[in-house]
Every structure is written in structure tokens, then in C-alpha cells.
Amino acid sequence: MGLRDKNWYKDIILTSNIAEDSGIRGCIIFKPYGLEIWENIKKNLDYILKQTGHNNFYFPLLILKSDLKKEYNHIKGFAKECAIVTHSRLKFKNNKLILEEESKLKNELIIRPTSETIIWDSFKRWIISYRDLPILLNQWSNTIRWEMRPRFFLRNSEFFLQEGHTAHSTKKEAIRHCKKILNLYKYFLEDILSIPVIKGRKTNLEKFAGAKTTYCLEAILPDGKALQIATSHFLGKNFSRSFNVKYINKKGIYKHVWGTSWGISTRLIGAVILTHSDKYGLIIPPKIAPIQVVIIPIYKKTDSFKILEIIVSKLIIFLKKNKITFLYDNRNNYRPGWKFNEYDIQGIPIRLTIGKKEIEKGNIEVFRRDTRKRKKYKIRNIKKKIIILLKKIQKNLLKKAVKIQKDFIIKVDNYQAFKKIIKTKGGVVSSHWDGSTTSEKKIKKETSASIICIPSKSYIKKKKNGICIYSNNYSKQRVFFAKSY
């Protein structure tokens, strides 16, 4: 694998055995190791969501076409990405498999690109009075959106999705929930995945189809490109009006409810790979690693294996007790060097090596995947060291990623300099924008850079007025531009 060459990303995915191409455009096959990474992401986030009062539901994969078109902006945004079921049967004719015309559906079905429409149709039945609110739903599902330029995990036609949907009695409560979820995602991404993010909101051009406001988290990757990694949408009353979802308030008056939706997807796996990995393979943060520790014994057939087995068995008891996932690779049909390379590629955080020489000196060799450094520790101290090192690796990955992010954020007030930086260095350019969709579209057309977000206050030391880099018109504040995945 080359270091960050054009095939680097795909090579890591294939050689680490986390996924492969299915032969169907935009659809991939998850291998067990890759699926377990996603399941660990899911397990961690699902716990957080349940602790904050959200309940898991599952809604059908198929949506009535007549329902999808009820919210105009929603269908307008997703129309080109929808897969459609038009017939219910096939038949053989003249040795060919064809559609059976008699089975044509009167109301065609859409394979969900997202679930707002079917969920709001359900809210109409579930919500009667203020006592039924708020409703806090979460769904883990798969989704299909036809992708023009597929790329493993980052842009798939079919992908796994976590999507939350809520209904509230007031605007203030709905917006507060949107922002709460965004902060929850930020904590999750930085604490569990060690990926630092920029928090903000999308412009009207970039917001979710059907939303009043889209709040977002953007990751800045080592190649200088941005990746939209999580979003939280304030839907206003758009869907409650389209589906006529009302509640009776305390005064006995019918009111439309306020809505939110928010989500992450298997795009997170792509973000982890691009943020942390190197030319040797994957680097997986310990909190989502399928295997956190691998133990490799080194011995000859003539060596006594009993002492080694006693040491390892005690270590395994400790790992199980502390819920540390591990692999003891005592296969004798693979050389140690082959195993070292294999587990480098898979990104296992800690590798323990023990052999005759180590036992004689009372040592065990520890290899950290994040720094690629080896160090000898006393066998009697190794249990404590493993717990400490897993925490250190998790923090170090975040620290390295934060430095990359900071190095890529540049303040620019000149359009010529803006274009040069976007073309050569890349990264996030902080510049003034006049707030017009016209300027936004023209900048994107000329440079391929879009406004990734209008950053929250914490990223702009002082909100100062200025002059738009493109139009020279008045600007209220700086926004962040970047090329995106």
C-alpha cells in the first residue's frame, strides 16, 4: 500500500478484510471484521441514545410514492436518488425474465432514502394530545440512495443508517433537542472514534431536503478535504402540515407539532480509516476495535511451552474479567513475522509478544499500533499497563487528529489567495460570505469548494462584519469553505 496515494484507501479496506465490492454498483459486502466495527459503533451510540430517553423502532423498507411526494422540498431533494418498485411479479417469456405487466402497482413503492414520510404518517395516528409529546424515536436500518460516484463507506448506494425522529409541542423544545443531539454526536465522535469535528449549521443551499435548519458536524481529514459526518435537522412544521399531524394543547386548541430528525451512517467507518490509518494498514480506536489486544507466542518445537501457557492463561483471565477483547494466536503454521504484518493491517491497538527470552527475563514485549513503538514491560506489571495503554492510544489518536484539523484551518480575505489554497493545499478556509445563494453557487462552480458550515461561536473568536471574498458585498460573519467527499 502506498502512503495516501489514489489507491491507498481502497487497498486498506480490501487487505484488512473489512469489506469488498459486491458487483452491484454502490453496494458492498461487509466482512465479519468490518461488520463488527460497525456493531461496536452502534452499541456505543445506542447506549447513549437510550440513556437520553430515545426508544428503538423499526419501520418498513418500502414507502408509498404518494406519501413521499407530500412534502415538496423533501421529494425534490431526494427524487434523483430514489429506487422505485413498479411491479410485484416477474415472469418467463420466450426464455427471458420480464416484468409481468398485469402486476403493475397502482401506487408505486419507494425503497426508503430516509424515513421521515413513513414515520410522520405514523405520528398522525399516535399523537392526539399534549400528553403524547414529546415522542423520541430511533431507528437502526439500511437505506438506498442511488449514488453516481460510489466509494467504499463514504458514498454507497446501500448503507447502514442510524436515524432519529422526534415530535414536540413547541418550537423551542424541538430546536433545543436538535442542538442536544448535535452535542451528543460531538461527544460520541471525539470520545469513542477519536475524530475531532467542527460544529455549525448548513446554508439553505446545503441543508437537508425538507428541513428549516440543518445543524452539522464536519470532520477535516488528513488530505485536507471535509466530510459531513453527522447532521441534526430542525424540521419546523413542514412534515406535520404535510401529514396533518396535530395535537390538542392544554387549552383544548389543535396545533401542528414541531419535528426533528438526525442521523449518522456507515460513513463513520470511512472517516475512521481516513482519519487514523497509515501506510501499514488500519488503525482502530480501542473503544470500537473488534480486537483490542492480540497475544503472539514465539517458541520453537523444542522449547518448553508450559510456562508460557501458564502466563498467557492468567493474562486471558484478566482480559475477560475487564471486558477487553483479545485474540490469542498460537497457530504454529504461520510465522511470527506474518502475524505481525497481519495485525498491523487490521489495526489492532496492542500486540503482546512473549517467548523464551522474554520469560527468562520476566518481560513481555508490547507494541503500540498508533506509534509503532515497542517496549518491554515486566510480566507482573502488564495487566495494569494494558488498561493504561488502551486509554493512552485512544487519547493520542484524538490528539493527532486535532493537530491535523488545526493546521488545515486558514483565514483568507482575498479571492485569488482563496482559489490558490483550495487548489494546492486544501483544508478549511475561513472567509467572509455575503449570505447569497448566488455567490455560494459561483464559488463552488469556480473552485469546487462549498460552504461546509456556518460555524458555531466557539470557532470564531469574534463575530465581525466584513466584505465577501467573492462579491465584495457586506458580510455578517465568516464561514468555512472546503472541498468535500
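A salt bridge is taken here as a side-chain nitrogen of Lys or Arg within 4 Å of a carboxyl oxygen of Asp or Glu. By this criterion, the side chains of lysine 376 and glutamate 365 form a salt bridge, with an N to O distance of 3.8 Å. The model is predicted, with local features requiring pLDDT of at least 70 and side-chain atom pairs counting only at pLDDT 80 or more, whereas totals for chains, interfaces and linings use all residues. Residues are numbered from 1 along each chain as its sequence is written, and side-chain values use heavy atoms, with hydrogens and water left out.

The protein chain contains 14 helices and 27 strands; these elements are DSSP runs numbered from the N terminus (helices: H or I, at least four residues; strands: E, at least two). The C-alpha trace spans about 80 × 65 × 60 Å along its principal axes. Of the 485 residues, 52% count as buried, where buried means under 20% relative accessible area, exposed means over 50%, and partly exposed lies in between (1.4 Å probe, protein chains only). The chain exposes about 24,900 Å², of which carbon and sulfur atoms supply 52%; accessible areas come from the Shrake-Rupley method with a 1.4 Å probe, and for residues only the protein chains shown count as cover. Contact means heavy atoms within 4.5 Å. Among contacts between residues at least 6 apart in sequence, 69% join residues at least 24 apart.

Strand β10 (residues 158-168) is mostly covered, with nine of its 11 residues buried. Two strands are considered paired if DSSP finds at least two bridges between them. Strand β10 pairs with strand β9 (residues 135-144) in the antiparallel sense over 10 bridges, and asparagine 142 stands opposite phenylalanine 160 of β10. Strand β10 also runs antiparallel to strand β16 (residues 258-265), to which eight bridges join it. Within this pairing, glutamine 162 has isoleucine 264 of β16 as its bridge partner. In a regular strand the side chains alternate between the two faces of the sheet.

The structure holds 24 salt bridges. Side chains of opposite charge can pair when their charged atoms come close. In the pair described at the outset, lysine 376 lies in strand β21 (residues 373-378) and glutamate 365 in strand β20 (residues 363-368), 11 residues apart. Lysine 376 is partly exposed at 43% relative accessible area, whereas glutamate 365 is buried at 15%. Salt bridges with shared partners join Glu358, Glu365, Arg374 and Lys376 into one network.

A further salt bridge is formed by the side chains of glutamate 108 and lysine 65, at 3.1 Å from N to O. This pair links distant parts of the chain, with glutamate 108 in strand β8 (residues 104-111) and lysine 65 in helix α3 (residues 65-68), 43 residues apart. Glutamate 108 is buried at 16% relative accessible area, and lysine 65 is partly exposed at 39%. Lysine 287 and aspartate 191 likewise meet through their side chains in a salt bridge, at 2.9 Å from N to O. Because lysine 287 lies in the loop between α8 (267-276) and β17 (293-298) and aspartate 191 in helix α6 (residues 171-191), the pair ties together parts that are 96 residues apart in sequence. Lysine 287 is partly exposed at 37% relative accessible area, as is aspartate 191 at 26%.

A nonpolar core is defined as a set of buried Ala, Val, Leu, Ile, Met, Phe, Trp, Tyr and Cys residues joined through side-chain atoms within 4.5 Å. The largest such core has 58 residues, and those with the most contacts inside it are Ile18, Phe153, Leu193 and Ile229. Helix α6 gives the largest share of this core, eight residues. Apart from this core lies another, of 25 residues, among them Cys82, Ile118, Ile135 and Ala209. When residues up to four places away in sequence are not counted, leucine 193 touches Ile41, Phe188, Leu268, Val272, His276, Pro285, Ile288 and Gln394.

Leucine 99 lies in strand β7 and is partly exposed, with a relative accessible area of 39%.
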